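Keep the viewer open as you read.

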Amino acid sequence: MTDKTALLIVAHGSTVNPDSSAPTLAHAAEIRRRKIFREVSCAFWKEEPSLRDALFLFDPKSVREVYVVPNFISEGYFTQTVIPRELELNGRITKRPSGQIWKYCEPVGNHSLMTELLLKRAGEVAPGVNPAETSLLIVAHGTDLNENSAVAAKREAEKIRALGKFSEVLNVYMEEPPLISDWRKLTETRNVVVVPFFISDGLHSYEDIPRLIGIPAPAGVDRGGPGSTPPATAHGEVFRRNPHKIDNRSLFYAPSIGTDPGFADIIVEQAKS
Amino acid sequence: MQNPVERVLEAVPFCFGEVLVRKSGKSLLLCHRDEDAQDDLEMFQNPEDAIEIAKYDDAGNYRPLKTAPNLRHGWRMKLQSSAELKHALGHFYPGRLAVFFAWQRGELRTTSLRETLDRQSGMYRIAATISDAQIDDLVAGFCHSNGGCLRTILWKRDQHGTIASTKLPIQKFDPTLDQVQALGRTGSATGTTVPLLCQESCNLLVAACRKVVKGE
Ligand code: SF4
């Protein structure tokens with residue numbers, strides 16, 4: 001990377017979930033600290049700066065190249081339609097009238113380092129637990145029209161299964177089979193580790209998946225619209241009560257994979273590759 | 001040669017939306033413009049703290065639009081460099097400083113609301129069927145500086161250059177004016193204002209157009 005190179009991390013963001021953009025902003029701050037790029041910025045579909053604002057974030061006199069890395073779990077509607085359209089990209093490489101070059105990179109979830117990160121997270125959430133006596137469940141949304149996250153989760157589960165470390169490795173979904181709510185039937189081991197395959201924590205990881213698993217829901221949760229107070233679980237209490245004892249099993253529930261600081265490394269790698 | 005941030009800093013003190021920036025010795029002090037006279041404010045020194053300050057309003061509600069006139073009170077931030085200031089302001093009003101600099105350089109392009117709506121796909125495609133009269137009313141309420149948004153609107157309603165809404169005061173389109181003062185709100189008034197510019201309608205307005213069309 002040169003001193004005239006900038007990084008733009010693009011994410012979805014949210015008008016209702018205060019935690020949606022937090023991991024992306026944290027990864028940007030970490031990468032900025034490493035001084036690899038002259039500038040590091042974020043842009044969001046649903047928050048500010050918008051994807052349209054991003055067109056003006058980098059002064060063409062000081063920044064000659066912009067690497068655009070989508071902070072998405074998989075290819076899909078956003079990476080293939082929305083981001084190129086809003087950023088006026090014509091493919092992998094776009095040259096602006098100012099001469100500034102924009103390079104469109106692969107989404108973060110596509111990188112091969114994702115497998116290691118999932119393994120690391122599984123180890124951290126269940127320290128001292130023998131993987132050979134443990135099932136690892138990677139949860140994606142499923143039936144999501146906008147992302148192929150189900151396919152990505154399946155691919156990661158296959159790669160981890162091939163390593164032969166865990167007793168079982170399964171890709172499971174919230175809304176299509178194999179269902180996360182069937183985890184008791186799908187697994188046989190005493191220990192079960194569940195890692196949500198999402199970019200950020202939000203209603204799915206704080207409330208929906210715990211409910212589907214059977215972790216008692218914390219009181220006072222407000223599913224809310226814009227302006228509502230954040231859910232009682234907003235600070236990740238559900239991730240600190242591990243292991244959850246359910247039906248004589250020990251279930252270890254991890255925060256969304258996208259909140260892992262290791263994402264910063266993958267974002268940089270996607271820009272380089 | 002000075003960079004654009006330093007050039008803006010020459011004008012310290014200045015207001016950027018509801019944030020007041022002034023110098024104190026070698027440091028830069030930021031606070032809510034209503035509260036410069038307060039001495040019991042919670043102190044912050046890290047520009048990254050601006051993310052959390054800007055996230056919720058005084059009542060603890062999430063702020064999906066950072067340029068809405070509801071920045072919370074009760075804080076002061078002490079920074080040591082123009083680089084730190086640039087970061088903090090980038091968190092209080094994400095993207096607005098860069099858009100202002102592009103405007104100063106004569107490089108800012110504006111996009112009419114009709115073009116933005118016509119470009120949408122998926123669930124937002126239907127928003128393009130909104131009528132001119134509906135836009136006139138919606139924008140007047142949605143973007144109004146008094147309760148809606150503090151940005152100065154630079155975009156037009158359509159490619160013929162029609163004003164965004166005939167029902168907004170003319171000050172809403174003038175980047176030389178301070179939108180907070182235009183409201184007649186009291187509080188710290190400084191000579192210089194760096195405007196929060198709106199070169200293209202935001203996603204929230206597009207979503208609001210869709211709601212109007214769907215009668216929600
Ligand atoms: S369209 Fe512009 S002025 Fe209107 S609410 Fe959105 S950001 Fe504010």
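The buried residues of helix 7 of chain A are covered by, among others, strand 1, helix 1, strand 3 and helix 3 of chain A. Bear in mind that this is a predicted model. Helix 7 of chain A is mostly covered, with 7 of its 10 residues buried. Which ones are the buried residues of helix 7 of chain A? They are Phe263(A), Ala264(A), Ile266(A), Ile267(A), Val268(A), Gln270(A) and Ala271(A).

If you're wondering about spacing, an α-helix has 3.6 residues a turn, so residues three or four places apart point the same way.

Chain A has an open sheet of 5 strands in the order 2-1-3-5-4, and the pairing is mixed. Strand 2 and strand 4 (93–95) of chain A are the edge strands, each with a single partner strand, so one side of each has no neighbour in the sheet. On average, and ignoring direction, neighbouring strands of this sheet are turned by 20° against each other. Helix 7 (residues 263–272) of chain A packs on this sheet, where it touches strand 1 and strand 3 of chain A, and its direction makes about 125° with that of strand 3 of chain A.

Now for strand 1 itself. All 7 of the 7 residues of strand 1 (residues 5–11) of chain A are buried, so the strand is largely enclosed by the rest of the structure. Thr5(A), Leu7(A), Ile9(A) and Ala11(A) point one way from strand 1 of chain A, while Ala6(A), Leu8(A) and Val10(A) point the other way, and all are buried.

## Who pairs with whom

On one hand, strand 1 of chain A runs parallel to strand 3 (residues 65–70) of chain A, joined by 6 bridges. Within that pairing, Ala6(A) has Val66(A) as its bridge partner in strand 3 of chain A, and Ile9(A) has Val69(A). On the other hand, 6 bridges join strand 1 of chain A to strand 2 (residues 39–44) of chain A, again in parallel. Here Ala6(A) stands opposite Glu39(A) in strand 2 of chain A. To get from strand 1 to strand 2 of chain A, the chain passes through helix 1 (residues 22–33) of chain A, and this β-α-β crossover is right-handed.

Is strand 3 of chain A largely enclosed or left open? Of its 6 residues, 5 are buried, so strand 3 of chain A is largely enclosed by the rest of the structure. Strand 3 of chain A also runs parallel to strand 5 (residues 101–104) of chain A, with 4 bridges between them. In strand 5 of chain A, Trp102(A) stands opposite Val66(A), and Lys103(A) is the bridge partner of Tyr67(A).

## The other sheet in chain A

Another open sheet of 5 strands in chain A has the order 7-6-8-10-9, with mixed pairing. Its edges are strand 7 and strand 9 (244–246) of chain A, each with a single partner strand, so one side of each is left without a neighbour in the sheet. Neighbouring strands here are turned by 25° against each other on average, direction ignored. Helix 3 (residues 113–125) of chain A packs on the sheet, touching strand 6, strand 8 and strand 10 (249–253) of chain A, and its direction makes about 130° with that of strand 8 of chain A.

Strand 6 (residues 134–140) and strand 8 (residues 191–196) of chain A pair in the parallel sense over 6 bridges. In that pair, Thr134(A) stands opposite Asn191(A) in strand 8 of chain A. Helix 6 (residues 203–213) of chain A lies across strand 6, strand 8, strand 9 and strand 10 of chain A, running at about 165° to strand 10 of chain A.

## Two loop residues

Ser181(A) lies in the loop between strand 7 (168–173) and helix 5 (183–186) of chain A. With 29% relative accessibility, Ser181(A) counts as partly exposed. Ser181(A) and Ile209(A) are 28 residues apart in sequence, and their C-alpha atoms are 8.2 Å apart in space.

Glu237(A) is found in the loop between helix 6 and strand 9 of chain A. Glu237(A) counts as partly exposed, at 36% relative accessibility.

## Around the ligand

The residues around the ligand include Leu65(B), Phe142(B), Trp155(B), Arg151(B) and Ser201(B). Cysteines are there too, among them Cys143(B), Cys149(B), Cys198(B) and Cys202(B). The shell divides into 9 nonpolar, 1 polar and 1 charged.

Conventions: Residues numbered from 1 in each chain as written. Chains lettered and ligands numbered in written order. Predicted model: local features only at pLDDT ≥ 70, side-chain atom pairs only at ≥ 80, totals over all residues. Heavy atoms only, no water. Buried < 20%, exposed > 50% of the residue type's maximum accessible area, 1.4 Å probe, protein only. Pairing = 2+ DSSP bridges. Right-handed = clockwise from strand over helix to strand, strands pointing away. Axes fitted to C-alpha atoms, helices over the stretch in contact; angles between N-to-C directions. Contact = heavy atoms within 4.5 Å. Near = heavy atom within 4 Å. Nonpolar A, V, L, I, M, F, W, Y, C, P; charged D, E, K, R; others polar.
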